[in-house]
Amino acid sequence: MNKAGLLFGVAAILAGQAAGGELVRQPTSFGSSIDVGQIVKGRLIGTSIADTVTGDGQFLTRAGVYLTKSATYNQRLNIQLSLGGLFWYALPEQMKPEYRTVQFGPGVGQAQASYLFGSPENPDGKFQFGLFPIKYNPDSKNLGEYLYRSGTYPPLRYTGGWSYVNSSGYLAQGARFSWNMWGGKLVHDFTLTMERELEPNYDPSPAYLLTFKPVPFLELGAGAQWAHGLSFQPEKLTPKSIENAYDTRTGLPLGYRDTTAGAWKTQPH
(Lines give C-alpha, C1' and ligand atoms only; values in the text may rest on other atoms or scores of the structure.)
Protein backbone atom coordinates (compact mmCIF):
# COMPACT_ATOMS: atom_id res chain seq x y z
CA MET A 1 0.00 0.00 0.00
CA ASN A 2 1.36 3.45 -0.89
CA LYS A 3 1.65 6.37 1.53
CA ALA A 4 -1.53 8.08 0.37
CA GLY A 5 -3.49 4.83 0.64
CA LEU A 6 -2.13 4.16 4.14
CA LEU A 7 -2.93 7.70 5.25
CA PHE A 8 -6.53 7.56 4.10
CA GLY A 9 -6.92 4.06 5.49
CA VAL A 10 -5.89 5.22 8.97
CA ALA A 11 -8.07 8.31 8.67
CA ALA A 12 -11.04 6.15 7.69
CA ILE A 13 -10.51 3.98 10.78
CA LEU A 14 -10.44 7.07 13.02
CA ALA A 15 -13.56 8.38 11.37
CA GLY A 16 -15.32 5.05 11.75
CA GLN A 17 -14.74 5.08 15.50
CA ALA A 18 -16.91 8.18 15.91
CA ALA A 19 -20.62 7.36 15.76
CA GLY A 20 -23.26 9.69 14.42
CA GLY A 21 -20.84 11.92 12.55
CA GLU A 22 -21.30 13.62 9.22
CA LEU A 23 -18.92 13.49 6.27
CA VAL A 24 -18.72 16.72 4.27
CA ARG A 25 -16.84 16.68 0.97
CA GLN A 26 -15.39 19.98 -0.20
CA PRO A 27 -15.40 20.86 -3.92
CA THR A 28 -12.34 19.78 -5.86
CA SER A 29 -9.97 22.71 -6.40
CA PHE A 30 -7.56 23.22 -9.29
CA GLY A 31 -4.55 25.48 -9.63
CA SER A 32 -1.46 26.25 -11.68
CA SER A 33 1.81 28.16 -11.44
CA ILE A 34 4.39 29.50 -13.90
CA ASP A 35 8.02 30.38 -13.16
CA VAL A 36 10.01 32.34 -15.73
CA GLY A 37 13.45 33.83 -15.08
CA GLN A 38 17.19 33.67 -15.61
CA ILE A 39 20.12 32.52 -13.48
CA VAL A 40 22.36 35.52 -12.77
CA LYS A 41 25.27 33.57 -11.33
CA GLY A 42 25.55 29.95 -10.30
CA ARG A 43 26.79 26.44 -11.01
CA LEU A 44 25.03 23.41 -12.39
CA ILE A 45 26.34 20.19 -10.88
CA GLY A 46 25.63 16.81 -12.46
CA THR A 47 26.39 13.27 -11.34
CA SER A 48 30.17 13.77 -11.54
CA ILE A 49 32.73 16.54 -11.35
CA ALA A 50 33.01 16.47 -15.12
CA ASP A 51 29.36 17.52 -15.36
CA THR A 52 29.87 20.77 -13.44
CA VAL A 53 29.28 23.78 -15.69
CA THR A 54 28.45 27.43 -15.21
CA GLY A 55 24.82 28.36 -14.87
CA ASP A 56 25.35 32.06 -15.61
CA GLY A 57 22.71 33.39 -17.97
CA GLN A 58 20.77 30.12 -18.18
CA PHE A 59 17.05 30.61 -18.83
CA LEU A 60 14.49 29.06 -16.49
CA THR A 61 10.90 28.20 -17.28
CA ARG A 62 8.62 25.82 -15.39
CA ALA A 63 4.86 25.34 -15.25
CA GLY A 64 2.95 23.36 -12.64
CA VAL A 65 -0.62 22.10 -12.35
CA TYR A 66 -2.37 20.48 -9.39
CA LEU A 67 -5.73 19.49 -7.95
CA THR A 68 -6.82 19.11 -4.33
CA LYS A 69 -9.56 16.96 -2.81
CA SER A 70 -10.60 17.24 0.83
CA ALA A 71 -13.31 16.09 3.20
CA THR A 72 -14.25 16.71 6.86
CA TYR A 73 -15.77 14.17 9.20
CA ASN A 74 -17.77 15.26 12.25
CA GLN A 75 -16.24 18.78 11.99
CA ARG A 76 -13.03 17.45 13.56
CA LEU A 77 -11.22 15.09 11.20
CA ASN A 78 -10.04 16.72 7.98
CA ILE A 79 -8.44 14.76 5.12
CA GLN A 80 -6.61 16.47 2.24
CA LEU A 81 -4.87 15.12 -0.84
CA SER A 82 -3.14 17.19 -3.55
CA LEU A 83 -1.72 15.72 -6.75
CA GLY A 84 0.10 17.60 -9.45
CA GLY A 85 2.73 17.68 -12.12
CA LEU A 86 5.58 19.91 -13.31
CA PHE A 87 6.59 20.74 -16.88
CA TRP A 88 10.23 21.85 -17.22
CA TYR A 89 13.30 22.02 -19.45
CA ALA A 90 16.60 20.36 -18.54
CA LEU A 91 19.67 22.53 -17.89
CA PRO A 92 22.19 23.47 -19.12
CA GLU A 93 20.76 24.59 -22.46
CA GLN A 94 22.18 22.37 -25.19
CA MET A 95 21.45 21.41 -28.76
CA LYS A 96 20.87 17.78 -27.82
CA PRO A 97 17.23 16.76 -28.41
CA GLU A 98 16.74 15.45 -24.85
CA TYR A 99 17.62 18.90 -23.49
CA ARG A 100 15.19 20.74 -25.80
CA THR A 101 12.16 18.56 -25.09
CA VAL A 102 9.65 19.46 -22.38
CA GLN A 103 10.05 17.15 -19.37
CA PHE A 104 7.24 16.17 -16.99
CA GLY A 105 7.30 14.93 -13.43
CA PRO A 106 4.28 13.98 -11.27
CA GLY A 107 4.20 14.39 -7.50
CA VAL A 108 2.15 14.64 -4.31
CA GLY A 109 1.69 18.14 -2.89
CA GLN A 110 0.13 16.92 0.36
CA ALA A 111 -1.49 13.81 1.79
CA GLN A 112 -2.52 14.60 5.33
CA ALA A 113 -5.13 14.07 8.00
CA SER A 114 -5.69 16.46 10.91
CA TYR A 115 -7.83 16.15 14.02
CA LEU A 116 -9.13 19.03 16.19
CA PHE A 117 -9.34 18.82 19.99
CA GLY A 118 -11.87 20.83 21.95
CA SER A 119 -14.45 22.97 20.22
CA PRO A 120 -14.29 22.72 16.41
CA GLU A 121 -14.99 26.46 16.16
CA ASN A 122 -12.21 27.39 18.61
CA PRO A 123 -10.01 24.28 19.06
CA ASP A 124 -7.56 23.84 21.93
CA GLY A 125 -5.24 21.68 19.85
CA LYS A 126 -4.65 20.14 16.45
CA PHE A 127 -2.85 16.94 15.44
CA GLN A 128 -1.56 16.46 11.88
CA PHE A 129 0.16 13.51 10.28
CA GLY A 130 1.19 12.51 6.78
CA LEU A 131 2.71 14.80 4.16
CA PHE A 132 1.81 18.42 4.91
CA PRO A 133 3.20 21.97 4.47
CA ILE A 134 4.73 23.90 7.39
CA LYS A 135 4.92 27.70 7.21
CA TYR A 136 5.55 29.66 10.41
CA ASN A 137 6.22 33.08 8.82
CA PRO A 138 3.36 34.26 6.57
CA ASP A 139 5.40 37.32 5.48
CA SER A 140 8.17 35.18 3.96
CA LYS A 141 7.59 34.75 0.22
CA ASN A 142 10.82 33.65 -1.47
CA LEU A 143 13.55 33.54 1.19
CA GLY A 144 13.48 32.57 4.85
CA GLU A 145 11.70 29.72 6.61
CA TYR A 146 15.11 28.08 7.16
CA LEU A 147 14.46 26.26 10.44
CA TYR A 148 13.53 23.11 8.52
CA ARG A 149 15.53 23.91 5.36
CA SER A 150 19.09 24.19 6.62
CA GLY A 151 21.96 21.80 7.26
CA THR A 152 24.71 21.60 9.86
CA TYR A 153 27.54 19.56 8.26
CA PRO A 154 28.17 21.27 5.89
CA PRO A 155 26.27 24.43 6.89
CA LEU A 156 23.87 25.22 4.05
CA ARG A 157 20.40 26.47 3.22
CA TYR A 158 18.10 25.61 0.38
CA THR A 159 14.95 27.14 -1.05
CA GLY A 160 12.52 26.40 -3.84
CA GLY A 161 10.38 23.39 -4.55
CA TRP A 162 7.71 22.78 -7.14
CA SER A 163 7.85 26.52 -7.79
CA TYR A 164 10.77 28.92 -7.50
CA VAL A 165 8.51 31.93 -6.82
CA ASN A 166 6.40 32.17 -3.66
CA SER A 167 7.68 28.79 -2.49
CA SER A 168 9.09 29.77 0.89
CA GLY A 169 7.92 26.92 3.07
CA TYR A 170 8.63 23.32 4.01
CA LEU A 171 6.84 20.15 2.94
CA ALA A 172 7.06 17.93 6.00
CA GLN A 173 6.60 14.20 6.28
CA GLY A 174 5.72 13.16 9.80
CA ALA A 175 3.53 14.48 12.62
CA ARG A 176 2.70 17.84 14.20
CA PHE A 177 0.79 18.77 17.35
CA SER A 178 -0.35 22.37 17.99
CA TRP A 179 -1.58 23.50 21.40
CA ASN A 180 -3.37 26.85 21.87
CA MET A 181 -3.31 28.82 25.13
CA TRP A 182 -4.91 32.08 26.25
CA GLY A 183 -7.44 32.10 23.46
CA GLY A 184 -4.84 31.43 20.79
CA LYS A 185 -2.44 34.19 21.86
CA LEU A 186 0.19 31.59 22.77
CA VAL A 187 0.69 28.60 20.47
CA HIS A 188 3.04 25.64 21.02
CA ASP A 189 4.00 23.53 18.00
CA PHE A 190 5.71 20.15 18.37
CA THR A 191 6.86 18.41 15.19
CA LEU A 192 8.58 15.14 14.37
CA THR A 193 9.51 15.09 10.70
CA MET A 194 11.45 12.63 8.55
CA GLU A 195 14.34 14.15 6.58
CA ARG A 196 13.58 14.22 2.85
CA GLU A 197 15.97 16.84 1.45
CA LEU A 198 19.36 16.75 3.20
CA GLU A 199 21.50 13.62 3.41
CA PRO A 200 21.32 11.28 5.18
CA ASN A 201 17.62 10.95 4.44
CA TYR A 202 14.91 9.35 6.61
CA ASP A 203 16.30 10.59 9.96
CA PRO A 204 13.49 11.85 12.28
CA SER A 205 14.12 15.42 13.48
CA PRO A 206 12.19 16.73 16.52
CA ALA A 207 11.41 20.46 16.61
CA TYR A 208 9.54 23.00 18.73
CA LEU A 209 8.05 26.36 17.73
CA LEU A 210 6.55 29.03 19.97
CA THR A 211 4.30 31.83 18.73
CA PHE A 212 3.14 34.69 20.97
CA LYS A 213 0.65 37.29 19.74
CA PRO A 214 -0.41 39.45 22.71
CA VAL A 215 -2.11 42.06 20.49
CA PRO A 216 -3.27 41.90 16.86
CA PHE A 217 -0.40 44.05 15.55
CA LEU A 218 2.45 42.26 17.36
CA GLU A 219 3.63 38.68 16.88
CA LEU A 220 6.75 37.08 18.32
CA GLY A 221 8.11 33.66 17.44
CA ALA A 222 10.99 31.32 18.19
CA GLY A 223 11.89 27.77 17.34
CA ALA A 224 14.54 25.09 17.50
CA GLN A 225 15.13 21.84 15.65
CA TRP A 226 17.39 18.92 16.51
CA ALA A 227 18.34 18.07 12.94
CA HIS A 228 18.82 14.32 12.42
CA GLY A 229 18.30 13.95 16.17
CA LEU A 230 17.12 10.35 15.86
CA SER A 231 19.63 9.19 13.29
CA PHE A 232 19.47 5.69 11.82
CA GLN A 233 23.11 6.01 10.69
CA PRO A 234 25.01 8.11 13.28
CA GLU A 235 28.36 7.50 11.59
CA LYS A 236 27.24 9.66 8.65
CA LEU A 237 26.74 12.64 10.99
CA THR A 238 30.22 12.66 12.55
CA PRO A 239 31.66 16.16 11.88
CA LYS A 240 35.34 15.08 11.87
CA SER A 241 34.88 12.02 9.71
CA ILE A 242 36.76 12.16 6.39
CA GLU A 243 33.56 11.12 4.60
CA ASN A 244 31.90 14.36 5.77
CA ALA A 245 34.79 16.73 4.94
CA TYR A 246 34.58 19.33 2.17
CA ASP A 247 37.17 21.19 0.12
CA THR A 248 36.64 24.91 0.81
CA ARG A 249 37.95 25.86 -2.64
CA THR A 250 35.57 23.73 -4.68
CA GLY A 251 32.68 23.22 -2.28
CA LEU A 252 32.81 19.50 -3.07
CA PRO A 253 33.31 16.53 -0.74
CA LEU A 254 36.91 15.42 -0.27
CA GLY A 255 35.88 12.01 -1.56
CA TYR A 256 33.61 12.01 -4.57
CA ARG A 257 32.68 9.38 -7.08
CA ASP A 258 33.74 10.23 -10.61
CA THR A 259 31.23 8.23 -12.63
CA THR A 260 33.32 8.62 -15.77
CA ALA A 261 36.25 6.81 -14.11
CA GLY A 262 34.17 4.44 -11.98
CA ALA A 263 36.35 4.95 -8.90
CA TRP A 264 36.61 7.10 -5.79
CA LYS A 265 39.04 10.00 -5.94
CA THR A 266 40.28 12.43 -3.31
CA GLN A 267 40.36 16.21 -3.53
CA PRO A 268 43.38 17.95 -1.89
CA HIS A 269 42.90 19.87 1.38
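Is Leu23 buried, exposed or partly exposed? I found that Leu23 counts as partly exposed, at 42% relative accessibility, where buried means under 20% relative accessible area, exposed over 50% and partly exposed in between, with a 1.4 Å probe and protein chains only.

Before going on, I noted that this is a predicted model, in which local features need pLDDT of at least 70 and side-chain atom pairs count only at pLDDT 80 or more, while totals for chains, interfaces and linings use all residues. Residues are numbered from 1 along each chain as its sequence is written, and side-chain values use heavy atoms, with hydrogens and water left out.

**Entry on Leu23.** I placed Leu23 in strand 1, residues 23-25 (strands are DSSP runs of E with at least two residues, numbered from the N terminus). Leu23 touches Ala71, Thr72 and Tyr73, leaving aside residues up to four places away in sequence, and contact here means heavy atoms within 4.5 Å. I also looked up the pair Leu23 and Tyr73, which are 50 residues apart in sequence but 4.4 Å apart in space, C-alpha to C-alpha.

**Entry on Gln128.** I then turned to Gln128, which lies in strand 8, residues 123-134, and is buried, with a relative accessible area of 7%. Its side chain is joined to that of Gln112 by a polar contact of 2.8 Å (a pair of N or O atoms within 3.5 Å; within protein, one must be able to donate a hydrogen and the other to accept it, and residues adjacent in sequence count only if both atoms are side-chain atoms). Not counting residues up to four places away in sequence, Gln128 touches residues including Ala113, Ser114 and Gly174.

**Entry on the core.** I listed 9 residues in the largest nonpolar core, among them Phe132, Tyr148, Leu198 and Leu209 (such a core is a set of buried Ala, Val, Leu, Ile, Met, Phe, Trp, Tyr and Cys residues joined through side-chain atoms within 4.5 Å). Strand 8, strand 11 (170-181) and strand 13 (204-215) each supply at least two residues of this core. Phe132 touches, among others, Gln112, Tyr170 and Ala172, with residues up to four places away in sequence not counted.

Definitions and conventions: Helices (H or I, at least four residues) and strands (E, at least two) are DSSP runs, numbered from the N terminus.
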